[in-house]
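Have the model open as you read.

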Amino acid sequence: MRAVIVAVGVAFLISLFCTPIAIKVFTRLKAGQPIRAEGPAMHQGKKGTPTMGGVVFILATVIAYVAGHLALTTLPDAQIAQVEPTITALVLLGLMVFSGAVGFVDDFLKVRKRHSGGLNKRGKLLGQILVGAVFGVIALYFPSSMTDELGQATNTETVGSTTLSFIRDIPALELTKVGAVIVFIFVVMAATNGVNLTDGLDGLATGASVMVLAAYALIAFWQYRHWCADPNYTQDYCYTVRDPLEIALIAGAAAGACVGFLWWNTSPARIFMGDTGALGLGGLIAGMAMSTRTILLLPIIGGLFVIITMSVVIQIISFRTTGKRVFRMSPLQHHFELAGWSEVNIVVRFWIVAGIGVAIALGLFYSEFLAHVG
């Protein structure tokens with residue numbers, strides 16, 4: 001727990017105090033956010049607000065991860081099995097950094113062209129597929145090599161699983177490794193696009209991501225406390241995952257970094273996360289679902305992202321099949337803007353929806369544990 005707290009604190013402070021520096025730098029570089037002409041008219045006043053702020057909390061997360069590992073070296077010997085950086089960290093931080101890199105290219109092109117159209121859809125899609133494929137292979141083909149004092153393997157798990165999961169792996173839903181990598185790619189694409197579509201109002205995607213990441217930090221730490229690979233854990237019911245403390249540390253660090261960024265991103269935003277931040281957060285959230293073996297729980301934990309994504313899907317299908325729109329504008333948050341809701345009201349109410357999804361997911365996760373040990 002000490003390492004997780006250190007990571008959260010370091011990430012929060014870096015993000016809080018470095019974001020103003022980023023605001024000045026991006027303003028000087030004229031890296032302002034172009035606004036779509038077809039978007040809500042009230043958004044035109046946001047034109048020129050610095051974008052690509054996701055760079056700050058991505059770097060804060062990586063630095064906080066290192067700080068958390070330094071804190072791990074002070075723990076008792078029985079608890080330092082994960083002091084060395086792991087493949088799990090490579091996958092999670094890699095998904096965040098390289099998904100963010102795809103978004104950075106998109107943001108850079110928008111700023112350079114002074115137009116809201118950045119990287120084309122095909123380019124962004126190919127970037128997401130490539131990132132998902134590379135880290136999917138790493139997650140599925142590199143098992144842990146943890147050993148006990150006698151040199152015997154105590155954990156040979158991979159970061160991802162060849163079995164679909166809800167609260168844990170579902171044996172009846174076994175996949176091949178190739179099939180599991182394909183699922184990994186799909187989850188990465190779904191999560192990155194879900195967060196990206198949610199990022200449209202000041203603080204909306206940032207606040208929702210804080211809740212989702214905090215939930216994964218709790219889930220992963222609970223798995224660490226009831227970990228099958230822990231030689232000191234004596235109960236029969238445990239979680240078969242790889243490096244849960246790493247997962248908790250990274251999720252906590254990312255949540256802390258987002259809270260620090262939210263200080264400056266809340267309405268009226270002084271900086272936007274841009275696609276850099278939205279795709280980076282989406283990639284990390286996808287990795288959290290895969291590494292904690294809670295893939296099918298992700299739509300509940302990230303319920304707000306699902307609702308907003310579905311609003312876009314429904315709008316497109318309705319317009320192409322009937323020529324009529326279900327919503328005044330999609331994604332859903334813009335529908336409520338045109339209905340007369342204030343931006344702050346929409347953001348807070350959508351945060352409540354996000355919180356409800358997180359609460360339901362955590363309740364399901366914990367009730368499953370109680371059902372087996374009670």
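Start at Lys110, which is buried at a relative accessible area of 12%; buried means under 20% relative accessible area, exposed over 50%, and partly exposed in between, with a 1.4 Å probe and protein chains only. A quick note on what you're looking at: this is a predicted model, where local features need pLDDT of at least 70, side-chain atom pairs count only at pLDDT 80 or more, and totals for chains, interfaces and linings use all residues. Residues are numbered from 1 along each chain as its sequence is written, and side-chain values use heavy atoms, with hydrogens and water left out.

Side chains of opposite charge can pair when their charged atoms come close. Lys110 has a salt bridge to Asp106, with the closest N and O atoms 3.4 Å apart; the term means a side-chain nitrogen of Lys or Arg within 4 Å of a carboxyl oxygen of Asp or Glu. Both residues sit in helix H3 (residues 87-113), four residues apart, or about one turn of the helix. Helices here are DSSP runs of H or I with at least four residues, strands are E runs of at least two, and both are numbered from the N terminus.

Lys110 also forms a salt bridge with Asp275, at 3.7 Å between the closest N and O atoms. That pair links distant parts of the chain, helix H3 and helix H8 (residues 274-291), 165 residues apart.

Asp275 is buried too, at 6%, and forms another salt bridge, with Lys124, at 2.9 Å between the closest N and O atoms. Lys124 lies in helix H4 (residues 121-141), 151 residues from Asp275. Through shared partners, Asp106, Lys110, Lys124 and Asp275 join into one network.
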